[in-house]
Amino acid sequence: MSSVNQEPAHEGRSWLSPLVTLGIIVMGLAWAGFGWWKYGVWMHNGPGAGFFPVVMGLGAALLGGYELLRRRFETDRVSWRNLWPAVAMGLAIASIPLFGMVLAMTLFIVLWMALIERQSWLKSVAIGACAGGAIYLLFGMWLMVAFPEGALMAPFT
Amino acid sequence: MDILQSLMQGFATSLTFSNILAALVGAGLGIIVGAIPGLGSVTGIALLLPLTFQMDPITGIIMLGALYYGCMYGGSYSAILLNIPGDAPAVVTSLDGYPLSQQGHGGKALFTANISSFIGGTVGIIMLTFMGPILAHVGLMFGPAEVAALILLALCSIGWLLGDNPLKGLISTFIGVMLATIGIGTAFGQPRFTFDSMYLLNGISFIPLVIGMFGFSQVLVMMVNRVDPSAKGLSGRLGLKESLLDRKEALSILPVSLRSGVLGNLVGILPGAGATTGSFLSYVLEKKVGRNGDELGKGRIQGVAASEAGNNAAAAGSFAPLLSLGIPGSGTAAVLLGGLMMWGLQPGPLLFQNNPDFVWGLISSMYLGNVMAVLAALAIIPFLVKLLLIPASIMIPVIAVVCVVGSYSVNNSMFDVWFMLGAGVVAFFMTAARYPIAPLLLAFVLTPRLETSLRQALDISRGDPMIFLRSPIAATLLTLILLFVLYPLAKRLFMTVRRRGHKAAAE
């Protein structure tokens, strides 16, 4: 990754950069369109609610178009493996209504470490329990964050 | 002399055993709260406020002041070690802090953050002590036109300064502004881009956005680009000794911290400008005037120093309008204002006359809080740097869980959690396509204030844009913006002409 915060990686798939730029152009045009027709650019002697969306949307779309025309499609290497944490975390978040926040997150750590990282079950359970306990004590008890309890945990609370 | 005498009396009031203990506890709690992604100084003070009502008001305000400073110190830790900024100003700290950690200099980055926070905070408090009422009145000279011009200056510099490709930096800035227009803005009272979702009515929450775009996207990167701490020889470089700055390094961050402290303090007194603008403009200043300004963003301690000193000085500056005029300069100051009023104190010009013990006790407690916070912060560096030795197999799931819990705890909203996840994936692809994320986040923070100020300025002038040129401050800032935009172009033109001249001479 080559943003300000990531080390440069190898050059990767060239389709990603134009695809992201195209997404930005579409977003910019949508913002400009909504701003122009729905919110109004200039009203009551001043900028209307659509002023910034139109200016910034057009700016992003025009610069994005220029970027596409320059055809300098630098992209860092990405693989499907990069997205595994997002998919697994998506499943864990979806299970929160059933297990509750603390248990779902604990299970995520245990299962991730044991199944994806191939660590021993003992180590996975120990780290999952420590992290889950820390979250419960810090956020649940001290900061009194009202975590979702989950249908399975409801009879015990 | 009056001020010095009053300050000494303030120290006589505040330097008791129970007050020093309260400052130490407040600083420790502040560091913890500040380091947890999703919680900032506003939350910390709001949580502690009810506990302090049973205390003597001076002890209570000392504890809260120390907690505020502790939060400012703690906010940089997760930015430096995990690339998850604990609060908005820490976004700037992560620009150099995280690369330093990746290079095995996390300890030095933390040490720099603490020392420069202390210097910046001290500069800010000294300015508050001797020029508080004057500063507050200078702040009031910044009306909507001046604030709009100042924030426009910050926005114009973001894209140019952050990232290797200014064009992509500019596009990221535009996206940040676009995202900030979602919801019912304070300037118009009209829902925009909410798509009939009640979750978007209040706009996008900053914390889930920053946690997703910095923290969770980092988890996705770590999945493939793993760094084995033992293989990289990090363990040998993460002791206390290796975290200390050598003489040359210490001397190099001193002027940076001092000038950032002055600038941050001046920005902090402006109503609504806040610590983020303070830390960012300090970074911009360093990038422009610093000896190695071009190298900022690649992992330089001067970048960390500029951001942290500016941030802490701005925090002190935000107290000037609160104490002198009763106007809170930041969200945290607004919560403190509530606390002061509950103790039966009315901040404003009469507070200095009616409750001098309290005011000078508070100002002296800021010195005390700053000293306690830096001592507590330096003491925990050896433990913090050990975090960098934890292997990726444990860091990936644990950071992912911290991201989820941190984004949930802001509003107790599952929507924020899903939003954080989506923002993380989008940021991952944007970074892979070499669009920098920091400009997007900074533009997102600054835009609402810009939009409101612009609208207010034009309302005042009945739509006449000349209001920006009639005000000397706004006109100066707009001239600076022009120079800022034209300077890189003129420099490039000059270099091209000179290169061609050399080439022609050589032939």
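How many salt bridges does the rule find across the interface of chain A and chain B? One. Keep in mind on this tour that the model is predicted.

**Stop 1: the salt bridge**

Select Glu67(A) and Lys168(B). Their side chains form the salt bridge, with 3.8 Å from N to O. Now widen the selection to polar contacts between chain A and chain B. The rule finds eight residue pairs there, both partners at pLDDT 80 or more.

**Stop 2: the chain A side**

Colour chain A by secondary structure. Several elements each supply at least two residues of the side that touches chain B. Start with helix 1 (16-39) of chain A, then go on to strand 1 (42-43) and strand 2 (46-47). Next come helix 2 (51-70) and helix 3 (84-94) of chain A. Finish with helix 5 (101-116) and helix 6 (121-142) of chain A.

**Stop 3: the whole interface**

Show both chains. Chain A brings 77 residues to the contact, and chain B brings 80 residues. The size of an interface is often given as the accessible area lost when the parts come together. Here, chain A and chain B bury about 6,800 Å² between them. Carbon and sulfur atoms give 74% of that area.

**Stop 4: the two domains of chain B**

Select residues 2-467 of chain B for domain 1, and residues 471-507 for domain 2. The C-alpha centres of these two domains of chain B lie 33 Å apart. Their contact takes 15 residues from domain 1 and eleven residues from domain 2.

Domain 1 and domain 2 of chain B bury about 1,200 Å² between them, with 83% of it on carbon and sulfur atoms.

Now select helix 7 (144-161) and helix 12 (274-289) of chain B. Each supplies at least two residues of the side of domain 1 that touches domain 2. The largest share, ten residues, comes from helix 7 of chain B. By class, this side of domain 1 of chain B has twelve nonpolar, one polar and two charged residues.

**Stop 5: Ser364(B)**

Move to helix 17 (residues 356-385) of chain B and pick out Ser364(B). Is Ser364(B) buried or exposed? Ser364(B) counts as buried because its relative accessible area is 0%, under the 20% cut-off. Show its neighbours: Ser364(B) touches Leu7(B), Gly10(B), Phe11(B) and Ser14(B), leaving aside residues up to four places away in sequence. End on Gly10(B). Its backbone oxygen lies 3.1 Å from a polar atom of the Ser364(B) side chain.

Note on methods:
Residues numbered from 1 in each chain as written. Chains lettered and ligands numbered in written order. Predicted model: local features only at pLDDT ≥ 70, side-chain atom pairs only at ≥ 80, totals over all residues. Heavy atoms only, no water. Contact = heavy atoms within 4.5 Å. Buried area = accessible area lost by both parts, 1.4 Å probe. Salt bridge = Lys/Arg side-chain N within 4 Å of Asp/Glu carboxyl O. Polar contact = N/O pair within 3.5 Å; in protein donor to acceptor, adjacent residues only side chain to side chain. Helix = DSSP H or I, 4+ residues; strand = E, 2+ residues; numbered from the N terminus. Buried < 20%, exposed > 50% of the residue type's maximum accessible area, 1.4 Å probe, protein only. Domains from an automatic or database assignment. Nonpolar A, V, L, I, M, F, W, Y, C, P; charged D, E, K, R; others polar.
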